[in-house]
Amino acid sequence: MAEKEIELRIITPERVFYEGEAEMVEFNTTEGEIGVYPGHIPLTVIVKPGILRIHEKDGERIAALHSGFAEILPDKISILAEVIEWPDEIDEKRAEEALQRAKERLKNKYENLDVARAETALQRAMARINVIK
Amino acid sequence: MASMRDIKRRRSSIQGTQQITKAMKLVSTVKLQRARAAAEKSQYYFDSMYRTVGSILSRVGHIEHRYLTPGDSERKAVVVITSNRGLAGGYNSNVVKLITRNDALKKEDLDVYAIGNKGREVFARHGYTIREDLPDIIEDPLYSEVNELTARLLKSYENGEVGEIYLAYTFFKNTVSQEPRLLKLLPVEPLDQDGDGFVDSVMNFEPEDVEAIDMIIPKYISSLIYGGLKEAIASENGARMQAMDNATSNAEEMIDKLSLQYNRARQGSITQELTEIIAGSEAIG
């Protein structure tokens, strides 16, 4: 079994979010979505807002992962997450509102709008909503 | 000799003070436990952060990157973490001394980012430039606030306003000992690589090294400031607990002394009264 599972540790500044074994871990990075099986080459990636899927031996757990970076080693993944939430920690109404707000901003293109920030907000809100559904 | 009434009044006033210091000690003990737990919980994150940045820097070697080489400006920025409230012994002045007694940090070339009122007051009095005054962060540090501060610091660095960035805070060794520390945030100095745990040259990066540094260094700095805040809060409460403990036992000592004086005075007055009565009765008899 040892060869088929990878040790996963997700750490945030406030707490240890997850610690356990997984068969596969999926998340979104700046270079696109990535799925990591045990035995992956050593790799450091930057996280982009999206859904984190942890495939455990008996089921799948998901969470909304917003920012941070991950260090992948053949037998171990460490995700240093600045913001990450389980589905039951997400306020759906707030996420919907944030989504609308971000869409509005990007559509109207106000002067001196921080486009990158608005886009991140949009991605975050979408990640949250997708995780709940 | 002071009168009995004076001694009594003095003693009860000290007793009142002692009650306050005792209560403050209890409060800071509880706060310390909470702050210590929080500091320990976040420790994990910073260790991993430190290790990862270490492995990245050991891999990229000596590349030219604006975060790794000093800026041109003579000016330096320093983030100083002190408390908003006093009565914590030497806690605040020790942090301030780190900077005022440091010859490498000249008053005219320094931008102070003051977290905590006590530090700001001293620096303002000494004529330092207070670039930002952030008393609220220390009350309940949020990672997002620290991120914003980091963004402003990096902007100032990138605009060439400052060439180096420092962090002054108090490291929490244990309950009875806290150590003020000055840490260089930028440029990032090559970490000491003697320790094990550094993944050697096999690590790959997506995106490329330079871009990865661009993205990871700000997170690294945020995490150092955030970690410093957590340590500082624990230290503040540790220092206050100790100061209040000392104050309480000093008060105890004074009360003991005054009680003795009071008893002596009472004894004296009784003896005097007796002598007077006996002398009176002898005169009559």
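Helices (H or I, at least four residues) and strands (E, at least two) are DSSP runs numbered from the N terminus. The model is predicted, so that local features need pLDDT of at least 70 and side-chain atom pairs count only at pLDDT 80 or more, while totals for chains, interfaces and linings use all residues. Residues are numbered from 1 along each chain as its sequence is written, and chains are lettered from A and ligands numbered from 1 in the order in which they are written.

**The sheet under the helix**

Next, select the strands of chain B that form an open sheet of 5 strands, in the order 3-2-1-4-5 and with mixed pairing; two strands pair if DSSP finds at least two bridges between them. Strand 3 (129-133) and strand 5 (177-186) of chain B stand at the edges with a single partner strand each, so one side of each is left without a neighbour in the sheet. From one strand to the next, the twist averages 25°.

**The nonpolar core**

Now show the side chains of Val78(B), Val79(B), Val80(B), Ile81(B), Ala168(B) and Ile225(B), which touch the most other members of the largest nonpolar core, a set of 84 residues. Such a core is a set of buried Ala, Val, Leu, Ile, Met, Phe, Trp, Tyr and Cys residues joined through C-beta atoms within 7 Å, where buried means that 20 or more other C-beta atoms lie within 10 Å of the residue's own, exposed means 12 or fewer, and partly exposed is in between, with C-beta atoms placed from the backbone. Helix 5 of chain B gives the most to this core, with 17 residues. Centre the view on Val80(B), which, leaving aside residues up to four places away in sequence, touches Val95(B), Ile99(B), Val112(B), Tyr113(B), Ala114(B), Ile115(B), Gly119(B) and Ala168(B); two residues are in contact if their C-beta atoms, placed from the backbone, lie within 7 Å.

**Helix 3 of chain B**

Gly119(B) leads on to helix 3 (residues 117-125) of chain B, whose buried residues are Lys118(B), Gly119(B), Arg120(B), Val122(B) and Phe123(B). What covers these residues includes strand 1, helix 2 (91-100), strand 2 and strand 3 of chain B. Just after helix 3, select Gly127(B), which takes a positive phi of about 80°.

**Helix 1 and the whole of chain B**

Move to Lys22(B), which belongs to helix 1 (residues 4-60) of chain B and is partly exposed, with 16 other C-beta atoms within 10 Å. A distance drawn from its C-alpha atom to that of Asp245(B), 223 residues apart along the chain, reads 7.2 Å.

Zoom out to chain B, which has 5 helices and 6 strands in the sequence pattern α-β-α-β-α-β-α-β-β-β-α. Its radius of gyration is 28 Å, well over the 19 Å that the globule rule gives for 285 residues, so chain B is more spread out than a compact globule; the radius is taken over C-alpha atoms, and the rule is 2.2 Å times the number of residues to the power 0.38. Along the principal axes, the C-alpha atoms of chain B fill a box of roughly 115 × 40 × 30 Å.

**Across to chain A**

Finally, show both chains: the contact takes 20 residues from chain A and 22 residues from chain B. On the side of chain A that touches chain B, the largest share, 4 residues, comes from strand 5 of chain A. By 3 bridges, strand 5 of chain A is joined in parallel to strand 6 (residues 204-206) of chain B, and Val45(A) has Glu206(B) as its bridge partner.

Within chain A, select strand 8 (residues 76-85), in which 8 of the 10 residues are buried. Strand 1 (residues 6-11) of chain A pairs with strand 8 in the parallel sense over 5 bridges, with Ile11(A) opposite Leu80(A). Strand 7 (residues 59-73) of chain A runs antiparallel to strand 8 and is joined to it by 9 bridges, and Glu71(A) stands opposite Ser78(A). The hairpin between strand 7 and strand 8 of chain A passes through 2 residues.

Definitions and conventions. Axes fitted to C-alpha atoms, helices over the stretch in contact; angles between N-to-C directions.
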